[in-house]
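Open the model in your viewer and keep the selection panel at hand. We will go stop by stop.

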Amino acid sequence: MTTPRASAATVIALVAIVAALFVLPWIAGRYPIYLVMHILILAVFSLGFNLLFGYTGLLSFGQAGFFAVGAYGCAKILLVVPNLVLGIAGGVALAGIAALLLGALSVRHTRIYFSMLTLAFGMVIYSIAWKWRDFTGGDDGLVGIPRAALEIPGLLSISVSAIERYYYVVVVIALVAIFVMHRLVHSPLGLALQAIRDSETRAAFAGLAVRKYRLVAFTIAGVYAGLAGALLPPLENTVTPPIAHWTTSAEPVLATLLGGIHSFAGPIVGSVLFFVIKDVIVRFTEYWLIWFGVIVVALVMGFPEGVMSVFTRRRRSARRQPAGTASQST
Amino acid sequence: MENIVFQGCVGLSLAMYLWLISAGLTIIFGVLRIVNFAHGSLFMVGAYLAYTFYGQIALPFWLAILLSVAGTGVLGLIMERGFLKRIYGVDEAYQLLLTFGFILILDDAVKMIWGGVFKIPPMPEFLDGAWMIVGRPFPIYNVFVIAVGVLVAIVLWFVFEKTWWGRIVRATAADREMASAIGVRVPRVFSGVFVAGAMLAGLGGAIGTPVRVAAPGIGTAMIIQAFIITVIGGLGNLKGAFVSSLIVGVLSAYGTLFFPVFELFFIFIIMVVVLLVRPQGLFAR
């Protein structure tokens, strides 16, 4: 486990990245902005997923369901009340409630049965999105979703209809979400989840309410998925059922495994890699998925611990030398 | 009443495709303890190979099916020997990811080779036509599919229960270390089982093409169906997979007849209920 205290180099790098995010609209065109928003949305989605997978040891294949609840919830609200604050908050709340309810059932299992159960729940949500035409628009989805203003009555009202402005909404929300998750995993809650991942029996003996902790992790993961989903409809102005399909659930799985499951930044780095790889390959061939598949296979064969493991391993061995303490292997 | 009987027969033939694909998934999970996400893609490859051998090269139907099955088997051998074998030691999540990488590769490879549109080979002449069932025409091809499915079930039962080979495989599934200690070459058993599973998926895809078409998306659609069935029947339980294929096949045939809107929804709800109430499957001993 890495200590929360960051080195000077890390702090400088982080400040540089955040600064770059804020000045990007001035130096780059629309496409990079659009790409960065998608990266951030996937990063939030994947961070939630990894709280469940990397930290708690539960591999969910149904996160797209909560992503879709967030997206459809936000879209439905925006179509009725054009207020972005309400839309995003509503989408997140709905996803959180869904995750709490379905999570209470899902955490009764672990390992492959948990994965299958979440896969099934995700597909239940998919089939609702696809078939409940009156509410979700069926396979046409919901269209004409406004990029509504950020409004709190009597306090503020900011129009974000320009994509550059909406970009800042996404950046700020994503950074806050990343910060909150960083605090969470380094809090007693995060430690308890890792203890459960490493040994369920030992954690139970130590007096941890294992199932309750798993449910908390599941709900937070669902909230993050819902937040990521809620950021999408104002960006694209439309929501369609494929976002609830299990192949969407695979995206945070891929991003997280690309970046590495045992480091906090893994899912974020993985999300960047996911879109950069995709973007580069699409320039050369329309068959980008095949090369993505090759990269995934190569990564699994070559770095089964993810790209970030190269860095953590180096840091760990560097730290071990002077202190002489064996760091816990992950 | 006629509706119910007729739709039951339709469901029965649907069940056989589900059985062929989930049988492969089941034996692979039962022995190797790997959930092969790419199993649906092997089904898809079988379908496209059958299209090429039968629809394009115009080989005799039986030979085309045989070659498609063999081709899918070779692909399975490459997947197992070249890749999966090397990561048996690591966390099961990485095995899932690896097979997911195969889905991406196979889906696009199929589009590159055969194009993005769906393909249908002609119906073999000797299986064309229909029999009358409760006064309605029932395609002979569906009868053929049911026959193949039942035949495969009998062969699998015989191999696993009555042959030396089957005992070796069952021993490996029960305790691979002990099996290895008494001289079973476990890596060979793994390869053999994986290839056999791949061939079953290929067979399902191949015999499906004349009626169910070969299309790039059928892999990801079929794997979900196969997951539902293996979960309901119990992971690794072959008999359970057969029975639950019948249940899901017939139910979805009735589903499309009586409540088309909620067919998919109900099937996933069944999967959820089984997982919650009886995770070892409905047919566990």
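What share of the contacts in chain A with a separation of 6 or more comes from residues 24 or more positions apart? They account for 75%, where two residues are in contact if their C-beta atoms, placed from the backbone, lie within 7 Å.

Before selecting anything, note the conventions. Residues are numbered from 1 along each chain as its sequence is written, and chains are lettered from A and ligands numbered from 1 in the order in which they are written. This is a predicted model: local features need pLDDT of at least 70, side-chain atom pairs count only at pLDDT 80 or more, and totals for chains, interfaces and linings use all residues.

**Stop 1: chain A.** Select the whole chain. Chain A holds 14 helices and 4 strands; these are DSSP runs (helices H or I, at least four residues; strands E, at least two), numbered from the N terminus. The C-alpha trace spans about 60 × 50 × 45 Å along its principal axes. Of its 330 residues, 47% are buried, meaning 20 or more other C-beta atoms lie within 10 Å of a residue's own; 12 or fewer is exposed, in between partly exposed, with C-beta atoms placed from the backbone.

**Stop 2: α2 and α12 of chain A.** Select residues 30-55 and 266-284 of chain A. The two axes come within 8 Å and cross at roughly 135°. Axes are lines fitted to C-alpha atoms, for helices over the stretch in contact, and angles run from 0 to 180 degrees between N-to-C directions. Now show side chains. Among the contact residues are A:L35, A:H38 and A:F49 of α2(A), and A:I268, A:F274 and A:D279 of α12(A).

**Stop 3: A:G137.** Find A:G137 in the loop between α6 (133-136) and β1 (142-143) of chain A. A:G137 is partly exposed, with 19 other C-beta atoms within 10 Å.

**Stop 4: the side of chain B that touches chain A.** Here 35 residues of chain B are in contact with 31 residues of chain A. On chain B, select α4 (92-114), α9 (218-233) and α11 (263-277), the elements that each give two or more residues. The largest share, 14 residues, comes from α4(B).
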